[in-house]
Amino acid sequence: MKKIAAITAIVALVSMPVLAAEPTLYGRYEYIALPEIGGEVLKAKMDTGALTASLSAKDIETFTRDGEPWVRFQLATKGASDKVYEHKVARISKIKNRADEDDDKEEPASAKRPVVDLEMCLGSVKRTVEVNLTDRSSFNYPLLIGAKALREFGAAVNPARRYTADKPDC
């Protein structure tokens with residue numbers, strides 16, 4: 001009888017649903033540090049409507065190193081230095097631009113952007129995130145954190161809040 005009770009208890013434990021960890025709640029805007037980009041701390045927009053993260057960069061130039069694709073760029077942010085960064089390209093992203101109001105066009109134009117894997121620090125959490133490079137200097141936030149990156153951080157976004165995480169400290 002004791003064996004049956006023990007087996008029943010084990011079966012009950014094994015068949016119990018596993019509860020996922022609760023996401024950390026962040027505001028619509030947060031500070032994020034980029035350890036691989038000179039430790040820069042940037043204001044980021046947490047955007048659940050975007051799929052990928054996007055970093056404001058200029059003078060973006062792809063090249064080959066040891067038979068593999070690489071990219072060279074500078075930050076396109078207020079007060080950024082002229083430092084040139086080089087990273088291995090993880091992939092090339094095809095980003096659809098919003099369709100113009102021109103009804104003659106059947107499909108919206110698309111742009112190809114290099115994507116790199118970058119370490120990011122949000123509060124005390126450090127993750128490696130895929131980031132596409134594009135000039136966002138005309139936007140208020142030089143870094144956009146999309147849904148894939150939000151999942152990496154285990155994040156949920158409260159659009160009514162701002163800067164809820166402590167300053168990056170990874």
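On a 1 Å grid over the protein atoms alone, a pocket is an open set of points where a 1.4 Å probe fits, with protein on both sides within 12 Å along at least five of seven lines, and its lining residues have an atom within 4 Å of a point. Grid points are joined across faces, edges and corners, and a volume is the space filled by probe spheres set on the points. The second largest pocket has, by this definition, a volume of about 340 Å³.

The structure is a predicted model, in which local features need pLDDT of at least 70 and side-chain atom pairs count only at pLDDT 80 or more, whereas totals for chains, interfaces and linings use all residues. Residues are numbered from 1 along each chain as its sequence is written, and side-chain values use heavy atoms, with hydrogens and water left out.

The overall plan of the protein comes next. Its secondary structure comprises 2 helices and 11 strands; helices (H or I, at least four residues) and strands (E, at least two) are DSSP runs, numbered from the N terminus. Read from the N terminus, the order of the elements is α-β-β-β-β-β-β-β-β-β-β-α-β. Contact here means heavy atoms within 4.5 Å. Among contacts in the protein with a separation of 6 or more, 58% are between residues 24 or more positions apart. The accessible surface amounts to about 11,100 Å², and carbon and sulfur atoms account for 50% of that surface; such areas come from the Shrake-Rupley method with a 1.4 Å probe, and for residues only the protein chains shown count as cover. Of the 170 residues, 35% are buried, where buried means under 20% relative accessible area, exposed over 50%, and partly exposed in between (1.4 Å probe, protein chains only).

The interior may be considered first. In soluble globular proteins, nonpolar side chains tend to be buried together. A nonpolar core is a set of buried Ala, Val, Leu, Ile, Met, Phe, Trp, Tyr and Cys residues joined through side-chain atoms within 4.5 Å. The largest such core in this model holds 29 residues, of which I32, L34, L55, F73, M120, L143 and I145 touch the most other members. At least two residues of this core come from each of β2 (29–34), β3, β4 (53–65), β5 (68–75), β8 (110–122), β9, β10 (143–145) and α2 (147–152). Strand β8 gives the most, with 4 residues. When residues up to four places away in sequence are not counted, L34 touches G39, E40, L42, L55, E119, M120 and L143.

V129 is found in strand β9 and is buried, because its relative accessible area is 3%. Apart from neighbours within four places in sequence, V129 is in contact with A53, V116, D117, L118, M120, A149, E152 and F153. V157 belongs to strand β11 (residues 155–158) and counts as partly exposed, because its relative accessible area is 23%. With neighbours within four places in sequence set aside, the contacts of V157 are L25, Y26, G27, R28, M46, T48 and L150. The C-alpha atoms of V157 and D47 are 8.3 Å apart, although 110 residues separate the two along the chain.

The largest pocket has a volume of about 700 Å³. Its lining consists of 25 residues, of which A50, I95, R113, R136 and L144 lie nearest its centre. The elements that give two or more residues to this lining are β7 (91–96) and β9 (125–134), and the largest share, 5 residues, comes from β7. By class, this lining contains 7 nonpolar, 8 polar and 10 charged residues; Ala, Val, Leu, Ile, Met, Phe, Trp, Tyr, Cys and Pro count as nonpolar, Asp, Glu, Lys and Arg as charged, and the others, Gly among them, as polar. The second largest pocket is lined by 14 residues, of which T77, K78, N140, Y141 and P142 lie nearest its centre. Strand β3 (residues 40–46) gives the most to that lining, with 3 residues. The classes in the lining of the second largest pocket are 7 nonpolar, 4 polar and 3 charged.

Finally, the backbone deserves attention. Most residues other than glycine have a negative phi. D66, which is not a glycine, has a positive phi of about 50 degrees. This residue lies in the loop between β4 and β5 and is exposed, because its relative accessible area is 74%. Y163 also has a positive phi, near 45 degrees. Y163 is placed in the segment after β11 and counts as partly exposed, because its relative accessibility is 25%.
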